[in-house]
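The following note sets out points for discussion on the pockets, cavities and helix packing of the structure shown here.

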Amino acid sequence: EDHAHRRLADGQPIEIIDRGVHNADSGPDFFNAKIKIGETLWAGNVELHLKSSQWYRHNHHLDKAYDSVILHVVADHDREVLDASGVPVPVYVMKIPESVVRNYTALTSNATWPACNQHIRQLDATKTGFWLGRMGVERLQSKTETVNKLFVQHQGSWEAVWLQLLASAMGFRVNKEPFVLLMQRTPFKVILKESHSLFRLEALLFGQAGLLDDASDEYSHKLRQEYAFLQQKHDIKPMPGYLWKFARMRPGNFPTLRLAQFAALIHKHPAMVSVLLQIDNTAALRRFFDAGVSDYWHTHYRFGAESKPSAKKLSDETVNLLLINVVAPFVFFYGKYHDDEGICTRVTEWLADTAPENNYITRRWSECGMEAENALASQALLHLREHYCLRYRCVHCYVGSEVIR
């Protein structure tokens, strides 16, 4: 159809001045659109449906969010829709080619993931790369929501937010919740006050974790004695020690060792955030996490059980996960909060210089022709699956839209 001769279902001429902003949440599909109907310029929202009758099927007539809809775009105008005042909502019928409907139906009804797997290798690799770059940034932005909530909760204390995020990540999947509870039970100011001494910091953290109740050797007994003093000094209460999980876990992931590594990091960088924000390359970022545990942990993974001597440093794989899941979203949010695009760009460069994650999702994408060359790309692929594929948002995805066409 000639754009200059578009007409509404009732025959009135229509001109799209500004399609507005696409809305990915609840409410009309496009906000703040501008259209000209006849000689009148209208500003408001636009709603899209396959059939006009879906307006009532979706109960939009009961939702005040749809009172400002100025245009209803449909493929099949099967029922007149009235606004809150009883006036018909202007309808524009947009015919959808049969091939588009067929391709869209094939994608959204395909139980295999990804539904577009047979088409990926046929697409323009450069454009696909640009799309993944956008997905990587979207992933970062979605992760900053958690950082923002903590920022509000801790009343703008960057150091407190950082420690909360780091602790949560140090627990990984199995002991994430106990780590979070530990930080809730242990005031940030208390941790900071005792950070000058690694021994006192260990006593504080292990005591608050409830892991010193059954002191089994000389070192844990000393920590327990020190914790009794700190507990009285700061008027703090420990969490139940039974919440920590050790079963079916490699010794390197035992929560006792993770707590020792956490304490070592805090002791090495009492003012972690200021140090972190001065880092401008990934090599320095990795050195940031190179903190040696206390001597006791060189020969232990848990209290009372000796092991072969080893440095017990964070592995490269663990550091990569911390860079992806803690450093990147935290620093990206800091950059956004201070409107500093340079900091945000630095984060994407760090991820682009970090090895990609290797899991069943990234491996499946690789089999289909979407290879993750770095962590920014692997994060993009995770985001693409979670927020587009599993929600059948094919029309909003570069790959899906190309297949549909």
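1. In this predicted model, the lining of the second largest cavity comprises five nonpolar, two polar and two charged residues. The residues concerned are Gly136, Arg139, Leu140, Lys143, Ile324, Ala328, Leu351, Leu376 and Gln379.

2. Which helix gives the most to the lining of the second largest cavity? It is α3, with four residues. At least two residues of that lining come from each of α3, α12 and α15.

3. The number of cavities of 30 Å³ or more is three. The largest cavity has a volume of about 60 Å³. Its lining consists of Glu159, Trp162, Leu163, Phe188, Ile191, Leu192, Ile266, His269, Pro270 and Met272. By class, eight of these residues are nonpolar, one is polar and one is charged. Helices α4 and α6 (188-194) each contribute at least two residues to the lining of the largest cavity.

4. Two or more lining residues are given by each of α3 (125-153), α4 (158-170), α5 (176-185), α9 (255-268), α12 (316-337) and α15 (375-389).

5. Helix α12 makes the greatest contribution to the lining of the second largest pocket, namely nine residues. The lining of this pocket divides into 19 nonpolar, 17 polar and eleven charged residues.

6. Two packed helices are described by the angle between their axes and by the distance between the axes. For α3 and α4, the angle is about 130 degrees and the axes are 9 Å apart. Why are α3 and α4 described as oblique to each other? An angle over 145 degrees would count as roughly antiparallel and one of 65 to 115 degrees as roughly perpendicular; the angle of about 130 degrees is therefore classed as oblique. The crossing of the two helices is right-handed.

7. Which residues form the contact between α3 and α4? On the α3 side they are Thr146, Val147, Leu150 and Phe151, which meet Trp158, Val161, Gln164 and Leu165 of α4. By class, the residues of this contact comprise six nonpolar, two polar and no charged.

Terms used. Residues numbered from 1 in each chain as written. Predicted model: local features only at pLDDT ≥ 70, side-chain atom pairs only at ≥ 80, totals over all residues. Heavy atoms only, no water. Nonpolar A, V, L, I, M, F, W, Y, C, P; charged D, E, K, R; others polar. Axes fitted to C-alpha atoms, helices over the stretch in contact; angles between N-to-C directions. Parallel < 35°, antiparallel > 145°, perpendicular 65-115°, else oblique. Left-handed = near helix turned anticlockwise from the far one by under 90°. Contact = heavy atoms within 4.5 Å. 1 Å grid on protein atoms, 1.4 Å probe; cavity = no way out; pocket = protein on both sides within 12 Å on 5 of 7 lines; lining within 4 Å. Points joined across faces, edges and corners; volume = space filled by probe spheres on them.
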